[in-house]
Amino acid sequence: MTTNIELLLKNTDPIVSDILNNALSEKEISIEEGIELYNTSGVEFHLVGLVADEIRRRRVGDTVSYVVNRNINFTNVCIKQCGFCAFSRDFREEEGYFLPTEEIVRRAKEAYQLGATEVCIQAGLPPDMEGDVYENICREIKKEIPDIHIHGFSPEEILYGATRSEVTIEEFLKRMKDAGVNTLPGTSAEILDQKLRDKISPGRISVKDWEKVIKTAHKMGINTTSTMMFGHLETLEHRVKHIAKLRDIQKETGGFTEFVPLNFIPDEAPMYKHQLHEEIKNGASGSDVLLTHAISRIMLNNSIDNLQMSWVKEGQKMSQLLLMWGANDFGGTLINESISTSAGSEYGQLLKPKEIRRMIKEIGRIPAERDTNYKILKKFDNTNEIDSELDKITDTSQFGSYVELVKINKFNYKNPRVK
Ligand code: SF4
């Protein structure tokens, strides 16, 4: 395989072939070289994918991992108005909801009983929130299900919790760890460029604070994921610099478990719907998505081993292709998904473990269930396919949907300060 790639590289554009040969020799790819790879077409375009796939094979083998998890987005009420966010509601809007802690715990328990090892908890930032809301949620979940892994609270939420509690980020993270949080999602990153953030989401957590939360968490032994939202207003340089920044953080802390490129879903996003910026794109094209995953794999080689694609954003068949362009992780079963669904994604909110395994096997790879920190829990070959409790569910309407949730009166948001 390698020999074939090297032969192909000999007969191609010398600049691209030098970069790709360097990548295959484990050399670090610079920002300028990353941009060069984005500008490929024809044979060179396909070679970027082939090299990313080869690097993936050498780094993590042919196993494709996934996690059995449930998303709990416990409120959509938010004080911010990010231009890409179709999920949030102002506290005065009828569709604002806030799940009581008992309901959050019920959802976590239900997922655990169906085989989930993780709950992923993220939400909007409701006004006047008491500073200990996040801690209480974690404590109540852990009281009932000590074994479940709480993957929750983005850097934006950690900063909000610290601000509302009037403590430092470090102190707040310590409280969260004591309350049971295990890892943080590295969301609210979008593109780590302050000028661009000020355009697409004024008031969003700053680049400086995002890095501060992430590095502090890593130094305290709390791992995080890392993400990038692309296909909106950013340039190729923004993207490559973002990936390089994550690589630098990883060199310093080693706390990132994975990187997830997230394609912008435009349909219901306010900045696209209302055309707030002249140059706004409607998400990245299929070829751009392929290249972005491949370049991420190439640039993050030797630093972040796991590259996840988002089936919620890309759909199932594109996800299979992305596994051939550098990705090695299928993400989670989710059970509930609100963020992409509210933005207009059409790919549903639950993928059963057996469906994930089927798609992985269809492309000749080996499925494996993992935990949140990428420990493999079980590898599946053709001889040990057993339906889990989640696989056996035939009527998935029992899990509810975002569309239904915003209409349930008992979950309507009520400001705690207004009696
Ligand atoms: S992305 Fe998060 S912080 Fe921004 S408006 Fe949506 S829920 Fe609020």
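This is a predicted model: local features need pLDDT of at least 70, side-chain atom pairs count only at pLDDT 80 or more; totals for chains, interfaces and linings use all residues.
Local features were taken at pLDDT of at least 70 and side-chain atom pairs at pLDDT 80 or more, while totals for chains, interfaces and linings use all residues. Residues are numbered from 1 along each chain as its sequence is written.

An open sheet of mixed pairing is formed by 4 strands in the order β8-β1-β9-β10. Strands (E, at least two residues) and helices (H or I, at least four) are DSSP runs numbered from the N terminus, and two strands pair if DSSP finds at least two bridges between them. Since β8 (329–332) and β10 (376–379) stand at the edges with a single partner strand each, one side of each is left without a neighbour in the sheet. Strand β1 (residues 63–67) pairs with β8 in the parallel sense over 2 bridges; Val-67 has Gly-332 of β8 as its bridge partner.

Pro-100 lies in the loop between β2 (69–72) and α5 (101–113). Pro-100 counts as exposed because it has 11 C-beta neighbours inside 10 Å; a residue is exposed with 12 or fewer other C-beta atoms within 10 Å of its own, buried with 20 or more, and partly exposed in between, with C-beta atoms placed from the backbone. The C-alpha atoms of Pro-100 and Val-133 are separated by 10 Å, the two residues being 33 residues apart along the chain.
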